[in-house]
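Trainee: Could you walk me through reading strands and chain contacts?
Mentor: Gladly, let's look together.

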Protein chains: 2
Amino acid sequence: MKLKLLVAALPAVCLLAQTNPAAQAARAWRQQHERQVVDEFVALLSIPNIASDRENIRRNADLIVQMMEKRGIAARQVAAPGSNPVVFAEVRTPGAARTLVFYAHYDGQPLDPKEWTTPPFSPVLRSRSIEQDGQVIPLPAPGKPFDPESRLYARSASDDKANVEAILSAWDAIGAAGLKPRANIKFVFEGEEEAGSVNLEKILDANKQLFSGDVWLMCDGPVYQTRQQAIAFGARGIATVNMTIYGARRELHSGHYGNWAPNPAMMLARLLASMKDDNGRVLIDHFYDGIEPLTDSEKRALAEAPNIDADLIRELWLGGTEGAPEKLAELINLPSLNIRGMASSRVGAQASNVIPSTATASIDMRLVKGMDQHQTVARLVDYIRRQGYFVVDAEPTAAERMAHAKVARVTESRNGYNAVRTSMDLPISQDIIRTVESARGPTVKMPTEGGSVPLEMIERALGTRTIGIPIANHDNNQHSFNENLRIQNLWDGIELMAALLTM
Amino acid sequence: MKLKLLVAALPAVCLLAQTNPAAQAARAWRQQHERQVVDEFVALLSIPNIASDRENIRRNADLIVQMMEKRGIAARQVAAPGSNPVVFAEVRTPGAARTLVFYAHYDGQPLDPKEWTTPPFSPVLRSRSIEQDGQVIPLPAPGKPFDPESRLYARSASDDKANVEAILSAWDAIGAAGLKPRANIKFVFEGEEEAGSVNLEKILDANKQLFSGDVWLMCDGPVYQTRQQAIAFGARGIATVNMTIYGARRELHSGHYGNWAPNPAMMLARLLASMKDDNGRVLIDHFYDGIEPLTDSEKRALAEAPNIDADLIRELWLGGTEGAPEKLAELINLPSLNIRGMASSRVGAQASNVIPSTATASIDMRLVKGMDQHQTVARLVDYIRRQGYFVVDAEPTAAERMAHAKVARVTESRNGYNAVRTSMDLPISQDIIRTVESARGPTVKMPTEGGSVPLEMIERALGTRTIGIPIANHDNNQHSFNENLRIQNLWDGIELMAALLTM
């Protein structure tokens, strides 16, 4: 009775969309527990979580285990030699016809604290986003509602501790409403996703039974830019490459040697510039070979995805886009080659009149189904060779540098993986679409999300399917400084997880 | 008698070359005072001397005044509002037919201390260069000789405090030998050359009489790469430009937006790459227009300059040169366009999967006689516009960024100036060639040195000639980290200055 009244107070549009009883129960519960949810979340966000920081990673894992045990979920840490722990738990349901695995990760992207407006591991609430001149505000008193447009700022506020908090809060909510899962439920919270999940496959291989299920629900990434719920049936793969071009063995005075000594910054510029055409098409030979075409369902889903390009262009202050006129939703179903960063000598006040000695670029290539990460890197290396470069994978020797006019050091990061795409037509896919839409209204169904998640190794190790159920706002500054989560996205996420936990 | 014996102990090649009595006297005196000279030099090098560091610049100027007063030279500091002081002194010679002005500068290039092997303002002596695995060694005891191949490491050890020390030590040496100048002598030690001599012309304009002379001897830059004495009859001019290319207003996740959001690092690479052809020729329209051709004497001097390219290529670990097959000595008589530095987001361990928001390059253009610095920058800006860029000279607004697919911020540094070239055929030029060769043997006569010195403003303000008389070793890491001076170059410099002070 009380529940019904609370729901009746919500805007009509929400009422119309939300027919899922668990989601409705979650909303009612959340409205009574907003401060409690955020306090728990802030405590989790306050522990630094860069994957290489082993001591703090351990503190994160321990806290998550405590959070689960507090809820009566028996959690444990599973690791492989040298890995960060996966926090794992399983709740069996008698007579369950299937097993749902909820995956999130508790580690965050590396960062440079100097770039952050407030320290990354001291979460603050802002009235709006920093771009909207949002100011730091205190948390509302217990019992008072949060402004749904306010945002929590901290590393992993969105990517991906938000999902740990949403899943566990949803568990509270369904329990409080006397609802129960119909499937077996497993929780998998990884601790080194942002370091390329380098040990995940090893851990899964060693514990196949433990981690197996009918589907892994990948609770990572942002919702659609319209703030509509998205379902991602796959993710792009990734290969990351660092390349350094060599000039003279030391920086040279640009007056005494300019016009004569090769400039590695210019050589790098020429090499990078040659890799794509004006419209953003990658010119590396065979780059697009072997790509698996989209099915009719996938093409239809893409055609139905709202065109948000014009809004995004305004929001991001852009004068145009790279692959125009194709829209973003289409373009992320193609592979990409992106310069992540570039450095040579110094710029600005520290610049001096030198010819740099080296120039470095970091590149990521996003892969789609049908491409192999190692083959793609090999094609890039072949391409660099065809531009006249002698390519090495370690610091070149003096002899190598003297023997070749163009020397490039190209190294592949270990943290790559291939793309995965689950058919939208499978019964489990259709079930999930129905459940998500009953909680969150019409969804945007994406054959592939643009970001990369290590789906391939999960599917390979366990023979399971993977489907992405993101909750974070699209403008969360994920992977950059000033990462944040819009409070309404956390609320929506709790309702979504409640629906999925009881499907 | 003692002098003769000392000289007789030197290698025959030196004896043959050196017929100048003042230079001979300087050598004898130096051999008795090596530690005294270096101690004084180390004290001068220990004071930080970045032009923007006003307090330390003042301490440098004060110390140089003291060093001169100790020698009986009445020195004073001359400044314009807001300028660093020029240390000035004049020694009149009754009946002198001409006035020689010795110019050096006591400020040094900006630096990043993290790049230095030992702190830049804590001079150390090394047995050889760092590249030759030279180790830090103590100064020889007073009375013991320095290894002439050992090197002093400190900011401005070569550029350009070496010349202050060489000139004042030469003054000691000729005084000790009872020799006297035949010309009027003026000393001008500037304090903001590395900041573009932004106030020098103002100071000269306000003190024309004080600073005028028949020739300014510019004691800056390195000797020839064979270690032969060079005479530079001019210097390239310089124009420095910073350019920033803009992408989205914030860094974006390269998965969610890669292929769609413009990448400013790639745009910068394309723009820079388009500015030069494979052989290093600048492709900016009209870049080479109006250049004044070399005279027959200048062409002959260039043809006679030893070809040191093969040795240099080996020393610098190069596999080729930009303007091959033309040799270095020829190429520095052409203008150049050089990328000094390049930066966009992050590389290496701090790199993350983003599309950068901006990309910046710092460029210097070296100019030869007949080119105007502002016109050259205007031609560069025109070129950038023709590549489709909307060019601004301040941070572009959101509206400007949204109105144009390509936006570049291009700013010209204030510290540019044009090239100057003094005819080798003038009587004063011929006199100086004779004097220098009597002290240092056959010289390499360069129409233009590659580096830039503000000769133009000196000639314009005073109507004087300028000729370059460098002493530093060519491999001194000038303008970079680990700047150093080979001890033999300091000894040679003292002898050279003694000859010039008495010509």
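Trainee: In which sense do β11(B) and strand β17 (residues 407-412) of chain B pair, and over how many bridges?
Mentor: Strands (E, at least two residues) and helices (H or I, at least four) are DSSP runs, numbered from the N terminus. Two strands pair if DSSP finds at least two bridges between them. Here β11(B) and β17(B) pair in the antiparallel sense over 5 bridges; B:N242 stands opposite B:T411.
A word on the model: it is predicted, local features need pLDDT of at least 70, side-chain atom pairs count only at pLDDT 80 or more, and totals for chains, interfaces and linings use all residues. Residues are numbered from 1 along each chain as its sequence is written, with chains lettered from A and ligands numbered from 1 in the order in which they are written.

Trainee: Which bridge partner does B:T240 have in β15(B)?
Mentor: That partner is B:D364. β11(B) and β15(B) (residues 358-367) pair in the antiparallel sense over 10 bridges.

Trainee: How many residues of β11(B) are buried?
Mentor: A residue is buried if 20 or more other C-beta atoms, placed from the backbone, lie within 10 Å of its own. In β11(B) (residues 237-246), 9 of the 10 residues are buried.

Trainee: How many residues of chain A are in contact with chain B?
Mentor: Contact means C-beta atoms, placed from the backbone, within 7 Å. By that rule, 81 residues of chain A touch 80 of chain B. On chain A's side, β13(A) gives the most, 9 residues.

Trainee: What does β13(A) pair with in chain B?
Mentor: With strand β13 of chain B (residues 336-345), in the antiparallel sense over 5 bridges. There, A:S344 stands opposite B:M342.

Key
Contact = placed C-beta atoms within 7 Å. Buried ≥ 20, exposed ≤ 12 C-beta atoms within 10 Å, placed from the backbone.
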